[in-house]
Amino acid sequence: MSSVTRGGSATTGAHREGLSAADLRGVRGLALAAYRLDRCRDVDDVVGVATRLGLSVVDADVCLLVRVEQGAARILHLEPADAPAREPWVTRTTTTVDERPALRALLRDRRSWVAHTVDADGTPLAPGDPDGGDPAEVETLRATGSRSVVTAPVVVNDAVWGQLTLARRDPALPRFGEDDIATADVLAALVAGAVARVDLERQVRHIVADDPLTGLANRRVADSAADAALSSGQETCIVMCDVDGLKRVNDELGHDAGDDLLRAVADVLRRAADALPGATAARIGGDEFCLVTAGHPRRLVAETMALTVSRFPLPHGAAISYGVASTAVTGAVHARHLFRRADQAQYRNKRARARARARSVPLAADPAVTAERLVSAGSVAIGQAQTGVVPRLCAFAAAATETLGGEEWTVLARQPGSDVLGAVARGGSPSDAGQATTTLTVERDDWVVEIGAAESVGTGRQVRTALAALAAIAVLDAG
């Protein structure tokens with residue numbers, strides 16, 4: 001098989017990708033272009049296929065695909081890719097309608113145009129000869145050593161999206177004629193169809209896979225990413241995130257500010273994902289977000305999250321609580337189990353943050369305020385708990401411990417016919433800060449609740465009365 005002697009032309013019997021030069025021109029070439037463009041999945045693919053096949057379909061030495069936006073033309077790709085660096089088409093990639101009258105005409109008329117430096121017989125034209133076409137384009141041809149050029153508009157959704165430009169340099173080839181213009185028009189129309197299709201597919205993917213508020217992936221994509229990561233056999237980590245302060249921002253500043261806050265959270269997650277190649281950042285719903293990684297150790301994922309969260313604080317005093325779960329700890333598990341473990345870790349961290357905030361509030365200065373906060377938080381928690389004494393007492397104990405800046409709580413019950421107490425439920429966790437705490441005990445019937453409290457909190461009569469009242473509500477109205 002003989003070799004290709006120049007871009008877009010080959011000696012007799014030469015082939016490009018298994019097809020002869022004759023096959024790559026005319027109707028067969030356009031059919032091949034339609035087939036190849038139909039297989040493209042994004043605009044970059046379309047650009048590459050169009051410029052490579054354009055050389056052969058129109059029998060040209062140079063092919064460019066140009067994007068036209070707001071009166072400016074920007075070269076997306078040029079073939080052959082190894083064009084000399086001195087090429088004006090390479091060194092000057094952007095032009096405007098003020099510099100190129102032919103571009104203005106193309107935008108206005110949406111019609112192809114040609115320019116030449118030779119006449120129909122191949123004889124060089126004198127400078128300024130009207131047979132050459134637009135003077136600016138003729139000048140570009142001379143600067144690039146080309147003899148003829150044809151440009152066809154790429155019209156997408158009834159607007160000029162770009163232009164397909166092809167040039168000939170070989171003296172053995174005639175300048176572009178009517179048949180070449182028609183072929184370039186058809187190829188440009190095929191390119192336009194491919195661009196419209198991939199853009200529509202992108203929009204559909206965005207609607208199906210992206211969260212409309214933040215632009216992150218949605219729960220469906222996160223689930224798919226987790227399944228794929230687990231199937232890969234690599235260490236898989238899931239980070240579950242929750243926004244502290246979203247309700248306050250919505251209530252005090254309005255939902256527009258709340259939406260801005262969610263977008264800020266998404267930006268933090270996106271930065272963390274960028275630092276962990278292959279990671280998927282998603283919004284699960286409401287103020288819940290997640291990060292799914294594969295092939296990154298848990299330590300690196302946790303460090304990346306901590307560093308990113310600290311570097312990019314949220315507006316309005318809001319913060320991100322997050323928890324990390326990894327198959328290095330859990331072993332091979334289902335995605336739902338890993339999500340659940342990460343959510344539990346996030347919840348523990350959220351509670352720890354709440355306790356730290358409670359310790360920073362000088363409750364001891366006014367026991368009446370402390371009691372009021374206890375009643376408010378405790379009654380809400382009891383009302384939202386499941387039916388039954390134990391769930392309601394647990395909700396009360398957790399809310400009271402958090403309000404009082406404590407760490408751990410316990411619900412105990414007396415054994416029938418004796419004074420022996422047995423633990424029914426425990427909650428909370430020790431703080432890393434090592435704050436001094438104490439335990440308040442509240443009894444009601446056969447139930448005893450031990451509530452953690454910071455030693456700095458006033459625990460006088462008003463506070464103990466509030467705790468006793470809440471315990472009574474939890475037991476007597478258990479239903």
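A nonpolar core is a set of buried Ala, Val, Leu, Ile, Met, Phe, Trp, Tyr and Cys residues joined through side-chain atoms within 4.5 Å. Buried means under 20% relative accessible area, exposed over 50%, and partly exposed in between (1.4 Å probe, protein chains only). The model is predicted: local features need pLDDT of at least 70, side-chain atom pairs count only at pLDDT 80 or more, and totals for chains, interfaces and linings use all residues. Residues are numbered from 1 along each chain as its sequence is written, and side-chain values use heavy atoms, with hydrogens and water left out.

**View A. The largest nonpolar core holds 32 residues.** Leu37, Val46, Leu65, Val154, Leu164, Leu166 and Val191 have the most contacts inside this core. At least two core residues come from each of helix 1 (26-38), helix 2 (43-57), strand 5 (62-69), strand 9 (148-156), strand 10 (159-168) and helix 6 (178-209). Helix 6 gives the largest share, eight residues. Helices (H or I, at least four residues) and strands (E, at least two) are DSSP runs, numbered from the N terminus.

**View B. Leucine 37 and the residues it touches.** Leaving out residues up to four places away in sequence, leucine 37 touches Val46, Val49, Ala50, Leu190, Val191, Ala194 and Arg197. Contact means heavy atoms within 4.5 Å.

**View C. Arginine 197 meets aspartate 38 in a salt bridge.** The N to O distance is 3.9 Å. A salt bridge is a side-chain nitrogen of Lys or Arg within 4 Å of a carboxyl oxygen of Asp or Glu. This pair links helix 6, which holds arginine 197, to helix 1, which holds aspartate 38, across 159 residues. Aspartate 38 is partly exposed, at 49% relative accessibility. The structure holds 18 salt bridges.

**View D. Arginine 100 and glutamate 137 form a salt bridge.** Their closest N and O atoms are 2.4 Å apart. Arginine 100 sits in the loop between strand 7 (94-96) and helix 4 (101-109), and glutamate 137 in helix 5 (residues 135-144), 37 residues apart. Both partners count as buried: arginine 100 at 17% relative accessibility, glutamate 137 at 6%.

**View E. Arginine 283 pairs with aspartate 211 in a salt bridge.** The closest N and O atoms are 3.2 Å apart. Arginine 283 lies in strand 12 (residues 280-285) and aspartate 211 in the loop between helix 6 and helix 7 (219-231), so the pair ties together parts 72 residues apart in sequence. Arginine 283 is buried at 14% relative accessibility, and aspartate 211 is buried at 9%.
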